[in-house]
Amino acid sequence: MLRFNDIAEQVESYNPSADLGLLEKAYVFSAKVHQGQVRRSGEPYLIHPLEVAGVLTKMKLDVATVATGLLHDTIEDTLTTLEELREHFGDEIAQLVDGVTKISQISFQTREEQQAENFRKMVLAMVKDIKVILIKLADRLHNMRTLHFLDPQKQSEIAQETLEIFAPIANRLGIDWIKTELEELAFRYLEPQAYRELSQKVAKAKKERERYVEKVRGIIIEQLNEFGIRGEVTGRIKQLSSIYRKMKRQGVEFHDVYDITAFRIIVGTVKECYEALGIIHSLWPPVPGKFNDYIALPKGNMYQSLHTTVIGPYGERIEIQIRTWEMHMIAEEGIAAHWKYKENGKIDEKDEKRFSWLRQLLEWQMDLEDNREFLQTVKVDLFPTEVYVFTPHGEVKEFPKGATPVDFAYSIHTDVGHQCVRAKVSGRLVPLDYQLQNGDTVEIITSAKHHPSRDWLKFVQTSRAKAKILQWIKAQQREKSIVLGRDLCERDFKRFGLRFSKYWKPGDFERVAHEFSLTNGEDLLASIGYGKITTQQVIGRLAPETLRIDEKKEAEGGLEKVIKRMTSRPKGIVKIDGIDDVLMSFAGCCNPLPGDKIVGFITRGRGVTVHTADCINALAADTRRCVEARWALDGDTPFPTRIRIYSTDKKGMLADISSAISGYEVNITGAQIKTTGDGNAESTFDIEIGNLKQLKKVINSLQKIEGVMKVERIRGWQGPLGP
């Protein structure tokens, strides 16, 4: 049994200046609060925190982390509070214990591969200090070592969770020895019969295998010495779980698995790595396609080594890794960026950047005296653009950072999103624009009478939520346009002495809709409501004899004017939410410019008129006809606007004003100058401006001219300036 003195001695061996008093204080506190508690084995519970602390010393962690190992179960399994820990041991240890406790409370219920991946990401994303993960791994390792005291059902559940969640996390952090032991222990309990049979087969051939390993090892050492290369050579039988996976993957029996023996050569320099490789290949023929140079082309997680498989003595395949001592430290002992290595054999650029900070941990191993100060600066933000939350049933869902309950609702079902009225996060009500945090449990409250709001588009983050909201808005806008189109038809049909119902019922509208390349009569009504098609055009197709020649000309002439006015600007200047390809005009009462906040107003038969959002006419308009609008310029499109300048009437003033305007590459299309009789002048200019920002620059430039008293933008102007 591990004793406290063993832990203290181990810490002192790699950190002579360690505060052993803090460790002893943590040990005494843990012994006190766990007094009387026993494990399933019947042993005192205190043995578990001691063993966890022992694992942490093997990783050569600082005193605060080892002390947390002694205290890690105090909040979860005793009456100790977080405030008590903070009072006795300070913020750092209290936060570490709290972080481990939160991870322990996660229920890993799913067995789906993608969900397991999300759980792993969430565990990493939930914590803000790498040491929390290391403590949890040490905790899980000792629990797996003592799993035989639990019933078979519990053994299977914990082993599965270990294999899916914690072994891959250890692998990603580069703690190879923990990952290997966790996988072996999980295999033992998940496949007990296969484990026993494979163990017996390996044990049966153990002595023969050991003799083979020593023979090959001796040959390699002899050859290295002959060429003056000093290094360490080790050989081993691969772990049982690895052999079993290979048997399953290849569909073969144990005796057909040839490459179950692996050797490692550790030398002093990179040059000697390649020399050793040449020696190995001169001894035994390499297996084609089984060589990888991770020294010249290292993995994105810093892993470096030469890998080769050769046909060794007696025709047996053997794997050989060749590396330097520094490479070995990174691969076996370091907490390196071991992201997805052995999982899919590659690391993408995005994940490489996220894990680049882990490379600094190598410095800690190179300079152990400074490990405490260094580790305090190492914080975890492995997934800065993602957040992981629970459904009420324990399923994990992944969202972009900043996602809200509305995003969550739409991820469940479109109707849940549409009818979302309130949300509960971890049991408390939150606003719908609340930003989800890692580990939140989200519950959506719906109402069949509720509908999406345009305001949701301002805070939702997922493309699905945005698309569904816009789809609903578009559908609602279509309904409005259908009603408006029907109103316009009924009014204008009546004006020409026609009954709208007569032409609607028999399906004449369907025929006209097809002539306009539309699907049905409702599409035609919607287009009339949008202003894409006029009622006169429809009447002309349905009852051409009712339109007199002069009325038709007048209608067509008027339509041409409307179309000319609406299409005088290039398409794509303004986007109207929920409406595509609509006739559009800019209101003469406010003359909006790119940069102004704008709103659209559905007119009766003339498409959409765009106003500034603060325009009096827009504010007074029927809100049912208002639609959201936004600028969508692809480039610089000149917009006519008018400015008025009040200045002194002096020689050269007009030249200064003209120069200031043209200095920003603004074209003057009209001007009107008049004196006021009191030594002052009032100058009005029509100019072509690209956007509001450019206009502000022009106005600022004009205001700096000596003698200029005031410059203002004129709204509500129509037509060019007179002479």
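Glutamate 682 counts as buried, because its relative accessibility is 17%, and buried means under 20% relative accessible area. This residue belongs to a predicted model, in which a search of the whole structure finds 23 salt bridges.

**The salt bridges around glutamate 682**

- The side chain of glutamate 682 meets that of arginine 644 in a salt bridge, with a distance of 3.6 Å from N to O.
- This pair links distant parts of the chain, since arginine 644 lies in strand β16 (residues 639-648) and glutamate 682 in strand β18 (residues 680-689), 38 residues apart.
- Glutamate 682 also forms a salt bridge with lysine 674, where the closest N and O atoms are 3.8 Å apart.
- Whereas glutamate 682 is buried, lysine 674 is partly exposed, because its relative accessible area is 45%.
- These residues take part in a network of salt bridges that links Arg644, Lys674, Glu682, Lys710 and Glu712.

- Lysine 179 and glutamate 183 meet through their side chains in a salt bridge, at 3.8 Å from N to O.
- The two residues are separated by about one helical turn, because they stand 4 residues apart in helix α11 (residues 176-190).
- Lysine 179 and glutamate 183 are both buried.

**The sheet of three strands**

- An open sheet is made of 3 strands in the order β9-β8-β10, and the pairing is antiparallel.
- Strands β9 (428-430) and β10 (442-446) stand at the edges with a single partner strand each, so one side of each has no neighbour in the sheet.
- On average, and with direction ignored, neighbouring strands of this sheet are turned by 35° against each other.
- Strand β8 (residues 420-425) runs antiparallel to β10 and is joined to it by 5 bridges, and valine 425 stands opposite valine 442 in β10.

**The helix that packs on the sheet**

How values were computed: Residues are numbered from 1 along each chain as its sequence is written. This is a predicted model: local features need pLDDT of at least 70, side-chain atom pairs count only at pLDDT 80 or more; totals for chains, interfaces and linings use all residues. Side-chain values use heavy atoms; hydrogens and water are left out. A salt bridge is a side-chain nitrogen of Lys or Arg within 4 Å of a carboxyl oxygen of Asp or Glu. Buried means under 20% relative accessible area, exposed over 50%, partly exposed in between (1.4 Å probe, protein chains only). Two strands pair if DSSP finds at least two bridges between them. Axes are lines fitted to C-alpha atoms, for helices over the stretch in contact, and angles run from 0 to 180 degrees between N-to-C directions.
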